[in-house]
Amino acid sequence: MFGQTSVYGCMGPVPKIDRGIMLRESFVDSLVSATADLSRWRLQNGAGSGSFALADNEPDGVGVITTGTSDQNTTTIGLNGEPFQTDPARVIKYATRLKVTTASRGKFFCGLHEDSGLTNGNVLALIASGFNGVGFYQDHATGGTALIKCIVGKASTNITTLSPSTAQTMADATFVDLAFIIYGQSRVEFYVNGTMVGSIVTNIPTATLSSYLQILTQPASSGAAVLSVDGVQIDHPAVTG
């Protein structure tokens, strides 16, 4: 009664593709290329000649993003395509583990963002105006300290940033676990090392989004900035209907 009988006499539900997305990126077998659509991740440089490589001395597979050696050099890897989108009936979960070799030199972004409006994958250039996504970034604006901040933006000009109630500071060459959960289009919760540090309930984006990891040399200094990423995980379930 609840299934269909095939010509072979088997009864059961007709197979149906699961339209949800579960991204599990360990960077062990990842394809990263500067040539669009020929790889899983796109390598993009602003000023300077940055690179992506696999670390030789890290367990579990770690991707290393390195900028050029001058101030404001920036290097980004972004997932090809824009497969992620908020929906009132969808809960999206994002998690990553990363470290900056010299926290006072590098400024990073990790999370989801719309492709449109970006120049060479430079999400950090849109933090003050133009940001359309959800994520974490490292801010050097307060006394030069490497503070972690949370950001949500919609339709370019509507942006909400959050400084966790307990300051979260990056330490040199020390991994930190960052995660957020997007509940429909009404709330985003942010977690640092497993502890919720705050939530944002305004300006949640509705555009299609991609996954980005960026490192930029700032404040003014010489030498490359290095971002090491021990994987990215995104759960984006299908919406019934």
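Reply: What follows begins with the model and its chain and then turns to the core.

This is a predicted model, in which local features need pLDDT of at least 70 and side-chain atom pairs count only at pLDDT 80 or more, while totals for chains, interfaces and linings use all residues. Residues are numbered from 1 along each chain as its sequence is written, and side-chain values use heavy atoms, with hydrogens and water left out.

The protein chain has zero helices and 18 strands, where helices (H or I, at least four residues) and strands (E, at least two) are DSSP runs numbered from the N terminus. Of its 241 residues, 49% are buried, a word that stands for under 20% relative accessible area with a 1.4 Å probe, counting protein chains only.

The largest nonpolar core holds 43 residues, and Phe108, Phe136 and Phe190 have the most contacts inside it; such a core is a set of buried Ala, Val, Leu, Ile, Met, Phe, Trp, Tyr and Cys residues joined through side-chain atoms within 4.5 Å. Leaving out residues up to four places away in sequence, Phe108 touches, among others, Leu98, Val100, Phe136, Met170 and Leu227, contact meaning heavy atoms within 4.5 Å. In soluble globular proteins, nonpolar side chains tend to be buried together.

Ser228, in strand E18 (residues 226-236), is buried too, with a relative accessible area of 6%. Beyond its neighbours within four places in sequence, Ser228 is in contact with Val62, Gly63, Val64, Arg97, Leu98, Lys99 and Phe175.

Terms used:
Buried < 20%, exposed > 50% of the residue type's maximum accessible area, 1.4 Å probe, protein only.
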